[in-house]
Amino acid sequence: MGGSPGAALESFANLPTSPLPKVPTGPFVLPLRNQLRFSYAGPRSELTRILAREPVENMSEDRRQQLAREFVSAAVAQVEEKVKLALRDRTAAGEIPFKALVVSGGVASNLFLRMRFAPPCLV
């Protein structure tokens, strides 16, 4: 599937890449809204609760894919919200406007995240 757990999850989730996908809504809420802080504990805990109610071995392939899609979407939505917030704060503070954003490292291999960050998404 992929070299890392994140790559395997993204591959299994089979998220659309074109046209620009809308971030689906689901059981995974965005924690720490409007704060420059991250937490994946909430979505991870919600997934644990879902799996306690619906053991994986009893789930259909479609249901497993749906949960994977919603989890990846929630993780990307959190990164997207924090980046937008940081860029707005920087602009509001009168700092030099940004001209580009570089996404690098392992996170940059996530195609869904790259699509969400493609212009004009962050404007």
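## The largest pocket

A pocket is defined on a 1 Å grid over the protein atoms alone, as an open set of points where a 1.4 Å probe fits, with protein on both sides within 12 Å along at least five of seven lines.

The lining of the largest pocket consists of 17 residues, where a lining residue has an atom within 4 Å of a point. Nearest the centre of the pocket lie Gly6, Ala75, Val76, Val107 and Asn110. By type, the lining comprises 11 nonpolar residues, five polar ones and one charged one. Here Ala, Val, Leu, Ile, Met, Phe, Trp, Tyr, Cys and Pro count as nonpolar, Asp, Glu, Lys and Arg as charged, and the others, Gly among them, as polar. At least two lining residues come from each of helix 1 (5–13) and helix 3 (61–92). Helices are DSSP runs of H or I with at least four residues, numbered from the N terminus.

## Basis of the description

Residues are numbered from 1 along each chain as its sequence is written, and side-chain values use heavy atoms, with hydrogens and water left out. Because the model is predicted, local features need pLDDT of at least 70 and side-chain atom pairs count only at pLDDT 80 or more, while totals for chains, interfaces and linings use all residues.

## Helix 1 and its end

Among the residues of helix 1, Glu10, Phe12 and Ala13 are buried; this term means under 20% relative accessible area, whereas exposed means over 50% and partly exposed lies in between (1.4 Å probe, protein chains only). The buried residues of helix 1 fall within an arc of 165° when seen down its axis, so they line one face of the helix. The arc is that of the directions from the helix axis to the C-beta atoms.

After helix 1 comes Asn14, with a positive phi near 50°. In general, most residues other than glycine have a negative phi.

## Aromatic pairs

The whole structure contains two aromatic pairs, that is, rings of Phe, Tyr and Trp (its six-membered ring) with centres within 6.5 Å; planes under 30 degrees apart count as stacked, over 60 as edge-to-face and the rest as tilted. The ring centres of Phe28 and Phe71 are 5.5 Å apart and their planes stand at 90°, so this pair is edge-to-face. Phe28 lies in the loop between helix 1 and helix 2 and Phe71 in helix 3, so the pair ties together parts 43 residues apart in sequence. Phe28 is buried at 8% relative accessibility, and Phe71 is buried at 18%.

The pair of Phe38 and Tyr40 is tilted, with 6.3 Å from centre to centre and 40° between the planes. Phe38 is partly exposed at 46%, and Tyr40 is partly exposed at 33%.

## Glu46 in helix 2

Glu46 lies in helix 2 (residues 41–53) and counts as buried at 18% relative accessibility. Beyond its neighbours within four places in sequence, Glu46 is in contact (heavy atoms within 4.5 Å) with Pro27, Phe28 and Arg53. The C-alpha atoms of Glu46 and Phe71 are 9.6 Å apart, and these residues are separated by 25 residues along the chain.
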